[in-house]
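Here's a quick tour of the inside of this protein and the pockets on it. Have the structure open as you read.

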Amino acid sequence: FNPTILTNSNHCIMKKIMTMLAMTAAILAVSCNKDPKNNGKDPKEEEEEEYVAPIIVDGDTSDWAKLDASKVQSCSLKSADTFAYPEIKSAKVYADELYVYVYMEFNKDVLEPTADSHFALYINGDNNTATGGYAGQWDQGETPCLDVLVMGTYFTPDDGYIKNLNCEVYHWNGAPTDGWAWEDVEVSDFAEGVCTSKGMEFAFTRDLYPAGNWEDEFTMGFQLQTNGWDATGVLPNDDPTEENQSGYGKLLKVIVNK
């Protein structure tokens with residue numbers, strides 16, 4: 001019988017027990033420190049959840065129907081029989097922290113393109129009446145303020161309606177006027193669009209806005225053109241009056257959803 005061996009054996013057993021107790025205590029401490037509302041997930045992991053686009057830019061409007069209608073800003077054609085630019089039936093915009101989504105619906109009662117036809121979306125992204133300057137077919141008071149133009153061709157006689165749109169981007173670089181002071185901007189991935197015979201759908205990346213910050217409140221105008229860039233469709237518009245015989249409307253006000 002060797003008492004030294006027994007003592008060493010007891011010491012090893014006690015050391016193992018203490019180690020297991022320490023590991024158990026550490027596991028319990030980590031578990032207790034996690035927020036039960038997060039189901040045991042690290043809050044940092046929650047903050048880094050992948051962005052899920054509410055709209056897929058494919059020309060199918062079924063995803064628009066799933067949005068909260070109170071968070072979608074829209075406008076519809078007024079006085080179609082007397083307004084000079086009736087080729088857009090409606091336009092709607094949904095904006096979140098990352099993207100601005102747009103759908104323009106054609107007015108098929110009058111739109112029958114036979115020549116090269118073009119789209120133009122005008123944006124006052126900085127919501128500042130002291131910048132920009134294009135007036136167009138909208139009532140902007142004494143301070144026209146449209147900063148950015150996104151335009152391209154949506155129909156040609158040879159190709160018909162062009163599914164994947166080439167979006168050209170311009171920045172206003174001149175005094176407030178009805179003339180042309182749009183300057184070409186090279187900015188990749190800012191705008192994408194698709195077209196069907198029913199309308200056009202777009203997505204714009206807010207962080208890539210080429211005229212300063214794209215604010216959480218901004219305004220937009222929508223246009224179709226043909227015959228050497230003559231306007232044939234304009235929204236928003238208004239009912240003609242004696243004071244506003246052309247039926248020019250205010251730009252569409254958009255508020256970002258957060």
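Which residues line the second largest pocket? Keep in mind that this is a predicted model. The lining is made up of Tyr 51, Val 52, Ala 53, Pro 54, Tyr 94, Asp 96, Glu 97, Leu 98, Asn 257 and Lys 258.

As for the largest pocket, 14 residues line it, and Tyr 122, Tyr 134, Trp 180, Gln 225 and Trp 229 are the closest to its centre. Two elements, β8 (168-172) and β12 (217-226), each give two or more residues to that lining.

| Pocket | Volume | Nonpolar lining residues | Polar lining residues | Charged lining residues |
|---|---|---|---|---|
| Largest | about 200 Å³ | eight nonpolar | four polar | two charged |

Now for the nonpolar cores. The largest one counts 54 residues, and Val 102, Met 104, Phe 119, Tyr 154, Met 200, Phe 202 and Phe 222 have the most contacts inside it. Strand β5 (residues 148-156) supplies the largest share of this core, with six residues. Another core, of 10 residues, lies apart from it and includes Ile 55, Tyr 103, Val 194 and Ala 203.

Setting aside neighbours within four places in sequence, Phe 119 is in contact with a run from Val 150 through Met 151, Gly 152 and Thr 153 to Tyr 154. Phe 119 also touches Leu 165, Asn 166 and Cys 167, along with Met 200, Phe 202, Gln 223 and Leu 224.

Key: Residues numbered from 1 in each chain as written. Predicted model: local features only at pLDDT ≥ 70, side-chain atom pairs only at ≥ 80, totals over all residues. Heavy atoms only, no water. Core = buried A, V, L, I, M, F, W, Y, C linked by side-chain atoms within 4.5 Å. Buried < 20%, exposed > 50% of the residue type's maximum accessible area, 1.4 Å probe, protein only. Helix = DSSP H or I, 4+ residues; strand = E, 2+ residues; numbered from the N terminus. Contact = heavy atoms within 4.5 Å. 1 Å grid on protein atoms, 1.4 Å probe; cavity = no way out; pocket = protein on both sides within 12 Å on 5 of 7 lines; lining within 4 Å. Points joined across faces, edges and corners; volume = space filled by probe spheres on them. Nonpolar A, V, L, I, M, F, W, Y, C, P; charged D, E, K, R; others polar.
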